[in-house]
Amino acid sequence: TSRNQVPHMAERGEPAQEFTLRLELKLIADVGLVGVPNAGKSSLLAAVTNANPKIADYPFTTLEPNLGVVELDGENTLVLADIPGLIEGAHMGVGLGFAFLRHVQRTRVLIHMLDGLSEDPLVDFAQINSEMALFDSNLGNKPQIVAFNKMDLPEVQERWPAIQQELAKRGVEAMPISAATHENLTPLLWRAHELLREAPQPEIEQALPVYRPTEDPKDFTIERTPEGWRLKGAAIERAAGMTYWELDSSVRRFQRLMGTLGVEDALRKAGIQEGDTVFIGDDYELEWED
(Lines give C-alpha, C1' and ligand atoms only; values in the text may rest on other atoms or scores of the structure.)
Protein backbone atom coordinates (compact mmCIF):
# COMPACT_ATOMS: atom_id res chain seq x y z
CA THR A 1 0.00 0.00 0.00
CA SER A 2 1.05 3.64 -0.06
CA ARG A 3 1.85 3.43 3.67
CA ASN A 4 3.42 -0.03 3.60
CA GLN A 5 5.52 -0.02 0.48
CA VAL A 6 8.09 -2.57 1.62
CA PRO A 7 6.09 -5.10 3.68
CA HIS A 8 8.06 -7.51 5.87
CA MET A 9 5.18 -9.69 7.01
CA ALA A 10 4.31 -13.14 5.76
CA GLU A 11 2.70 -16.36 6.90
CA ARG A 12 3.87 -19.92 6.73
CA GLY A 13 1.51 -22.57 5.44
CA GLU A 14 -0.94 -24.02 7.93
CA PRO A 15 0.24 -27.08 9.85
CA ALA A 16 -0.91 -30.22 8.05
CA GLN A 17 -3.91 -32.24 9.16
CA GLU A 18 -3.78 -35.95 8.39
CA PHE A 19 -6.82 -38.13 7.70
CA THR A 20 -7.34 -41.70 6.65
CA LEU A 21 -10.23 -41.87 4.18
CA ARG A 22 -11.80 -44.74 2.30
CA LEU A 23 -13.57 -43.70 -0.89
CA GLU A 24 -15.82 -45.94 -2.94
CA LEU A 25 -16.54 -45.17 -6.59
CA LYS A 26 -19.83 -46.21 -8.13
CA LEU A 27 -20.41 -45.35 -11.75
CA ILE A 28 -23.81 -43.93 -12.65
CA ALA A 29 -25.39 -45.37 -15.80
CA ASP A 30 -28.87 -46.08 -17.14
CA VAL A 31 -28.18 -49.60 -18.35
CA GLY A 32 -25.61 -52.10 -17.11
CA LEU A 33 -24.19 -54.82 -19.34
CA VAL A 34 -23.64 -57.96 -17.30
CA GLY A 35 -22.62 -61.51 -18.15
CA VAL A 36 -19.82 -64.03 -17.98
CA PRO A 37 -16.39 -63.21 -19.42
CA ASN A 38 -16.30 -63.07 -23.23
CA ALA A 39 -20.07 -62.84 -23.59
CA GLY A 40 -19.64 -59.81 -25.86
CA LYS A 41 -20.38 -56.92 -23.51
CA SER A 42 -17.46 -54.80 -24.69
CA SER A 43 -18.24 -55.63 -28.32
CA LEU A 44 -21.80 -54.41 -27.83
CA LEU A 45 -20.62 -51.21 -26.15
CA ALA A 46 -18.16 -50.54 -28.97
CA ALA A 47 -20.82 -51.25 -31.61
CA VAL A 48 -23.41 -48.80 -30.32
CA THR A 49 -21.31 -46.02 -28.73
CA ASN A 50 -18.07 -44.16 -29.34
CA ALA A 51 -16.41 -45.97 -26.45
CA ASN A 52 -13.25 -47.93 -27.22
CA PRO A 53 -13.09 -50.80 -24.73
CA LYS A 54 -10.41 -53.43 -25.10
CA ILE A 55 -11.76 -56.45 -27.03
CA ALA A 56 -9.96 -59.79 -27.33
CA ASP A 57 -10.75 -63.52 -27.49
CA TYR A 58 -9.71 -64.37 -23.93
CA PRO A 59 -11.50 -64.03 -20.57
CA PHE A 60 -11.27 -60.92 -18.41
CA THR A 61 -10.29 -58.66 -21.27
CA THR A 62 -12.16 -55.86 -19.51
CA LEU A 63 -10.43 -55.01 -16.23
CA GLU A 64 -12.37 -51.86 -15.39
CA PRO A 65 -15.89 -50.61 -16.18
CA ASN A 66 -16.39 -48.67 -19.39
CA LEU A 67 -19.08 -46.10 -20.08
CA GLY A 68 -20.65 -45.16 -23.40
CA VAL A 69 -23.54 -42.99 -24.53
CA VAL A 70 -26.04 -44.31 -27.08
CA GLU A 71 -27.97 -41.79 -29.19
CA LEU A 72 -31.22 -43.53 -30.06
CA ASP A 73 -32.57 -40.49 -31.90
CA GLY A 74 -32.45 -36.73 -31.59
CA GLU A 75 -34.15 -36.75 -28.20
CA ASN A 76 -33.39 -40.06 -26.48
CA THR A 77 -30.06 -41.31 -25.19
CA LEU A 78 -28.86 -44.11 -22.97
CA VAL A 79 -25.75 -44.35 -20.83
CA LEU A 80 -24.36 -47.89 -20.91
CA ALA A 81 -21.90 -49.35 -18.42
CA ASP A 82 -19.87 -52.38 -19.46
CA ILE A 83 -19.33 -54.32 -16.23
CA PRO A 84 -16.30 -56.67 -16.29
CA GLY A 85 -17.15 -60.38 -16.54
CA LEU A 86 -18.54 -62.09 -13.45
CA ILE A 87 -17.91 -65.69 -12.45
CA GLU A 88 -19.09 -68.01 -9.71
CA GLY A 89 -18.12 -66.65 -6.30
CA ALA A 90 -17.92 -63.04 -7.52
CA HIS A 91 -19.96 -61.83 -4.54
CA MET A 92 -17.12 -63.07 -2.30
CA GLY A 93 -14.41 -61.45 -4.40
CA VAL A 94 -13.59 -64.35 -6.74
CA GLY A 95 -12.30 -63.22 -10.13
CA LEU A 96 -12.79 -59.49 -10.48
CA GLY A 97 -15.36 -59.90 -7.72
CA PHE A 98 -17.41 -57.39 -5.85
CA ALA A 99 -15.09 -54.58 -6.91
CA PHE A 100 -17.36 -54.28 -9.94
CA LEU A 101 -20.64 -55.66 -8.64
CA ARG A 102 -21.09 -52.39 -6.80
CA HIS A 103 -21.30 -50.58 -10.14
CA VAL A 104 -24.37 -52.64 -11.05
CA GLN A 105 -26.12 -51.14 -8.04
CA ARG A 106 -26.22 -47.72 -9.68
CA THR A 107 -27.86 -48.89 -12.91
CA ARG A 108 -31.64 -49.08 -13.36
CA VAL A 109 -31.91 -51.66 -16.17
CA LEU A 110 -29.70 -54.62 -17.05
CA ILE A 111 -28.87 -56.15 -20.41
CA HIS A 112 -27.80 -59.68 -19.59
CA MET A 113 -25.45 -60.87 -22.31
CA LEU A 114 -25.39 -64.61 -22.99
CA ASP A 115 -22.54 -66.14 -24.94
CA GLY A 116 -24.09 -68.19 -27.75
CA LEU A 117 -20.96 -70.35 -27.82
CA SER A 118 -20.98 -71.07 -24.10
CA GLU A 119 -21.15 -74.69 -23.00
CA ASP A 120 -24.46 -73.97 -21.26
CA PRO A 121 -25.84 -70.41 -21.61
CA LEU A 122 -28.73 -71.19 -19.26
CA VAL A 123 -26.34 -72.14 -16.47
CA ASP A 124 -24.42 -68.91 -17.12
CA PHE A 125 -27.67 -66.96 -16.87
CA ALA A 126 -28.61 -68.54 -13.54
CA GLN A 127 -25.10 -68.15 -12.17
CA ILE A 128 -24.83 -64.42 -12.88
CA ASN A 129 -28.26 -63.70 -11.44
CA SER A 130 -27.36 -65.70 -8.34
CA GLU A 131 -24.11 -63.81 -7.83
CA MET A 132 -25.86 -60.45 -8.14
CA ALA A 133 -28.58 -61.47 -5.69
CA LEU A 134 -26.02 -62.75 -3.18
CA PHE A 135 -24.16 -59.47 -3.37
CA ASP A 136 -27.29 -57.32 -3.07
CA SER A 137 -30.82 -58.71 -2.95
CA ASN A 138 -32.12 -55.58 -4.70
CA LEU A 139 -30.17 -56.46 -7.85
CA GLY A 140 -32.50 -59.40 -8.41
CA ASN A 141 -35.42 -56.99 -8.75
CA LYS A 142 -33.87 -54.86 -11.48
CA PRO A 143 -35.61 -55.17 -14.87
CA GLN A 144 -33.41 -56.98 -17.36
CA ILE A 145 -33.51 -58.18 -20.91
CA VAL A 146 -31.46 -61.12 -22.13
CA ALA A 147 -29.36 -60.63 -25.26
CA PHE A 148 -28.33 -63.97 -26.82
CA ASN A 149 -25.15 -62.95 -28.61
CA LYS A 150 -23.10 -64.21 -31.60
CA MET A 151 -26.10 -64.99 -33.82
CA ASP A 152 -23.85 -64.42 -36.84
CA LEU A 153 -22.51 -67.96 -36.27
CA PRO A 154 -24.52 -70.92 -37.67
CA GLU A 155 -24.06 -73.10 -34.57
CA VAL A 156 -25.45 -70.30 -32.38
CA GLN A 157 -28.43 -69.89 -34.70
CA GLU A 158 -29.19 -73.57 -34.25
CA ARG A 159 -29.14 -73.26 -30.46
CA TRP A 160 -31.35 -70.20 -30.28
CA PRO A 161 -34.85 -71.81 -30.54
CA ALA A 162 -34.19 -74.16 -27.62
CA ILE A 163 -32.65 -71.38 -25.51
CA GLN A 164 -35.52 -69.02 -26.30
CA GLN A 165 -38.09 -71.65 -25.37
CA GLU A 166 -36.42 -72.40 -22.05
CA LEU A 167 -36.06 -68.73 -21.15
CA ALA A 168 -39.71 -68.14 -22.05
CA LYS A 169 -40.71 -70.87 -19.59
CA ARG A 170 -38.93 -68.91 -16.90
CA GLY A 171 -40.72 -65.71 -17.92
CA VAL A 172 -37.51 -64.15 -19.20
CA GLU A 173 -37.54 -61.77 -22.14
CA ALA A 174 -34.77 -62.58 -24.61
CA MET A 175 -33.59 -61.24 -27.96
CA PRO A 176 -31.11 -62.77 -30.42
CA ILE A 177 -28.35 -60.33 -31.39
CA SER A 178 -24.93 -60.15 -32.95
CA ALA A 179 -22.59 -57.46 -31.66
CA ALA A 180 -20.24 -58.29 -34.52
CA THR A 181 -22.76 -57.67 -37.34
CA HIS A 182 -25.02 -55.27 -35.37
CA GLU A 183 -27.99 -57.62 -35.82
CA ASN A 184 -30.99 -56.57 -33.69
CA LEU A 185 -28.97 -54.02 -31.71
CA THR A 186 -31.37 -51.15 -32.37
CA PRO A 187 -34.48 -53.08 -31.20
CA LEU A 188 -32.51 -54.23 -28.15
CA LEU A 189 -31.60 -50.69 -27.17
CA TRP A 190 -35.12 -49.37 -27.70
CA ARG A 191 -36.47 -52.17 -25.54
CA ALA A 192 -33.95 -51.25 -22.85
CA HIS A 193 -35.13 -47.66 -23.16
CA GLU A 194 -38.74 -48.76 -22.64
CA LEU A 195 -37.76 -50.72 -19.53
CA LEU A 196 -35.87 -47.70 -18.29
CA ARG A 197 -38.95 -45.48 -18.59
CA GLU A 198 -41.04 -48.09 -16.77
CA ALA A 199 -38.49 -48.69 -14.03
CA PRO A 200 -39.13 -46.94 -10.71
CA GLN A 201 -37.03 -43.93 -9.93
CA PRO A 202 -34.08 -44.79 -7.70
CA GLU A 203 -34.59 -44.09 -4.04
CA ILE A 204 -32.68 -41.14 -2.69
CA GLU A 205 -29.88 -42.52 -0.61
CA GLN A 206 -29.87 -41.48 2.99
CA ALA A 207 -27.42 -38.67 3.50
CA LEU A 208 -24.25 -39.65 5.28
CA PRO A 209 -23.88 -38.22 8.77
CA VAL A 210 -21.98 -34.97 9.04
CA TYR A 211 -19.51 -34.84 11.90
CA ARG A 212 -18.79 -31.39 13.23
CA PRO A 213 -16.19 -30.39 15.82
CA THR A 214 -17.62 -30.27 19.32
CA GLU A 215 -15.05 -27.69 20.44
CA ASP A 216 -14.56 -24.12 19.27
CA PRO A 217 -11.10 -23.88 17.66
CA LYS A 218 -10.77 -20.40 19.17
CA ASP A 219 -10.98 -21.79 22.69
CA PHE A 220 -7.73 -22.05 24.63
CA THR A 221 -6.47 -23.18 28.01
CA ILE A 222 -3.82 -21.66 30.29
CA GLU A 223 -1.84 -23.84 32.69
CA ARG A 224 0.64 -22.60 35.28
CA THR A 225 3.78 -24.74 35.42
CA PRO A 226 7.08 -24.42 37.31
CA GLU A 227 8.72 -23.33 34.05
CA GLY A 228 6.10 -20.69 33.19
CA TRP A 229 2.71 -20.63 31.47
CA ARG A 230 1.57 -23.25 28.99
CA LEU A 231 -0.96 -22.07 26.42
CA LYS A 232 -2.94 -24.57 24.33
CA GLY A 233 -5.65 -24.06 21.71
CA ALA A 234 -6.21 -24.94 18.07
CA ALA A 235 -6.32 -21.38 16.72
CA ILE A 236 -3.43 -19.97 18.73
CA GLU A 237 -1.20 -22.99 18.06
CA ARG A 238 -1.99 -22.84 14.35
CA ALA A 239 -1.18 -19.11 14.27
CA ALA A 240 2.13 -19.75 16.02
CA GLY A 241 3.00 -22.41 13.47
CA MET A 242 2.27 -19.97 10.62
CA THR A 243 4.39 -17.12 12.03
CA TYR A 244 7.83 -16.18 10.74
CA TRP A 245 9.44 -15.36 14.07
CA GLU A 246 12.45 -13.78 12.39
CA LEU A 247 10.20 -11.05 10.89
CA ASP A 248 9.17 -8.29 13.30
CA SER A 249 5.99 -7.55 11.36
CA SER A 250 4.93 -11.20 11.60
CA VAL A 251 5.59 -11.22 15.34
CA ARG A 252 3.52 -8.05 15.81
CA ARG A 253 0.70 -9.66 13.83
CA PHE A 254 0.82 -12.65 16.17
CA GLN A 255 0.64 -10.33 19.17
CA ARG A 256 -2.45 -8.63 17.74
CA LEU A 257 -4.03 -12.05 17.21
CA MET A 258 -3.37 -12.94 20.86
CA GLY A 259 -5.27 -9.83 21.82
CA THR A 260 -8.14 -10.60 19.44
CA LEU A 261 -8.54 -14.11 20.83
CA GLY A 262 -8.49 -12.80 24.41
CA VAL A 263 -5.28 -14.59 25.29
CA GLU A 264 -3.51 -11.46 26.62
CA ASP A 265 -6.35 -10.53 28.98
CA ALA A 266 -6.63 -14.11 30.18
CA LEU A 267 -2.92 -14.28 30.96
CA ARG A 268 -3.03 -11.00 32.88
CA LYS A 269 -6.01 -12.20 34.91
CA ALA A 270 -4.13 -15.43 35.63
CA GLY A 271 -1.28 -13.37 37.13
CA ILE A 272 1.46 -13.40 34.50
CA GLN A 273 4.47 -11.16 35.30
CA GLU A 274 7.10 -9.37 33.25
CA GLY A 275 9.75 -11.84 32.10
CA ASP A 276 7.62 -14.95 32.56
CA THR A 277 7.91 -17.65 29.91
CA VAL A 278 4.91 -18.58 27.79
CA PHE A 279 4.90 -21.96 26.06
CA ILE A 280 2.56 -22.25 23.08
CA GLY A 281 1.78 -25.89 22.45
CA ASP A 282 4.89 -28.04 22.48
CA ASP A 283 6.98 -26.11 19.97
CA TYR A 284 7.14 -22.39 20.79
CA GLU A 285 8.52 -20.44 23.76
CA LEU A 286 8.07 -16.69 24.28
CA GLU A 287 9.02 -14.18 26.98
CA TRP A 288 6.19 -12.01 28.31
CA GLU A 289 6.66 -8.23 28.03
CA ASP A 290 4.09 -5.54 28.81
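These are my notebook entries on a predicted model of one protein.

**Entry 1: the overall picture**

I started with the secondary structure and found eight helices and ten strands in the protein. The chain has 290 residues, and 40% of them count as buried. Next I looked up the accessible surface: the protein exposes about 17,700 Å², with carbon and sulfur atoms supplying 48% of that area. I also checked how far along the chain the contacts reach. Taking contacts with a separation of 6 or more, 63% are between residues 24 or more positions apart.

**Entry 2: the loop between β6 and α5**

I went to Ser-178, which sits in the loop running from β6 (174-176) to α5 (185-198). Is Ser-178 buried or exposed? Its relative accessible area is 0%, so I put Ser-178 down as buried. What does its side chain reach? I noted a polar contact at 2.8 Å between the side chains of Ser-178 and Asp-152. Leaving out residues up to four places away in sequence, I listed what Ser-178 touches: Asn-149, Lys-150, Met-151, Asp-152, Glu-183 and Leu-185.

I then checked the backbone angles in this loop. His-182, found in the loop between β6 and α5, has a positive phi of about 70 degrees although it is not a glycine. Asn-184 also belongs to the loop between β6 and α5, and I read a positive phi of about 65 degrees there, again without a glycine. I have His-182 as partly exposed, at a relative accessible area of 46%. Asn-184 is partly exposed too, with 29%.

**Entry 3: salt bridges**

I searched the whole structure for salt bridges and got nine. I looked at several of them in turn.

Glu-246 and Arg-12 meet through their side chains, with 3.8 Å from N to O. This pair links distant parts of the chain, since Glu-246 is in the loop between α6 and α7, Arg-12 is in the segment before β1, and 234 residues separate them. Glu-246 counts as exposed at 54% relative accessibility. Arg-12 is partly exposed, with a value of 33%.

Then I took Asp-115 and Lys-150, whose side chains form a salt bridge at 3.0 Å, N to O. I placed Asp-115 in strand β4 (residues 109-115) and Lys-150 in the loop between β5 (144-149) and α4 (154-169), so this pair ties together parts 35 residues apart in sequence. Asp-115 counts as buried because its relative accessibility is 10%, under the 20% cut-off. Lys-150 was already in my notes as one of the residues Ser-178 touches.

My next stop was Arg-268 with Asp-265, where the closest N and O atoms of the salt bridge are 3.9 Å apart. Both residues lie in helix α8, three residues apart, which is about one turn of the helix. I have Arg-268 as partly exposed at 41%, and Asp-265 as partly exposed at 46%. I also found a network: Glu-173, Arg-191 and Glu-194 are joined by salt bridges that share partners.

**Entry 4: Ala-266**

While in helix α8 (residues 263-270), I looked up Ala-266. Ala-266 is partly exposed, with a relative accessible area of 23%. What does Ala-266 touch, not counting residues up to four places away in sequence? I got Phe-220 and Ile-222. I also checked Thr-221, 45 residues from Ala-266 along the chain, and found 9.3 Å between the two C-alpha atoms.

**Entry 5: aromatic rings**

My count of aromatic pairs came to three. I picked Trp-245 and Tyr-284: the ring centres are 5.9 Å apart and the planes meet at 40 degrees, so I logged the pair as tilted. Trp-245 lies in the loop between α6 (234-241) and α7 (248-261), Tyr-284 in strand β10 (residues 284-287), so the pair ties together parts 39 residues apart in sequence. I looked up the exposure of each: Trp-245 is partly exposed at 26%, and Tyr-284 is partly exposed at 25%. Which residues do ring pairs link into a cluster? I wrote down Trp-245, Phe-254 and Tyr-284.

**Entry 6: a surface patch**

Last, I looked at nonpolar side chains on the surface. Phe-19, Leu-21 and Leu-23 form a patch there, with about 440 Å² of accessible area together. I placed Leu-21 in the segment before β1 (31-34). With a relative accessible area of 68%, Leu-21 goes down as exposed.

How values were computed. Residues numbered from 1 in each chain as written. Predicted model: local features only at pLDDT ≥ 70, side-chain atom pairs only at ≥ 80, totals over all residues. Heavy atoms only, no water. Helix = DSSP H or I, 4+ residues; strand = E, 2+ residues; numbered from the N terminus. Buried < 20%, exposed > 50% of the residue type's maximum accessible area, 1.4 Å probe, protein only. Polar contact = N/O pair within 3.5 Å; in protein donor to acceptor, adjacent residues only side chain to side chain. Contact = heavy atoms within 4.5 Å. Patch = residues over 30% accessible without salt bridge, like charges linked within 9 Å, V, L, I, M, F, W, Y side chains within 5 Å. Areas by Shrake-Rupley, 256 points an atom, 1.4 Å probe, with all protein chains shown as cover. Salt bridge = Lys/Arg side-chain N within 4 Å of Asp/Glu carboxyl O. Phe/Tyr/Trp six-rings, centres within 6.5 Å; stacked < 30°, edge-to-face > 60°.
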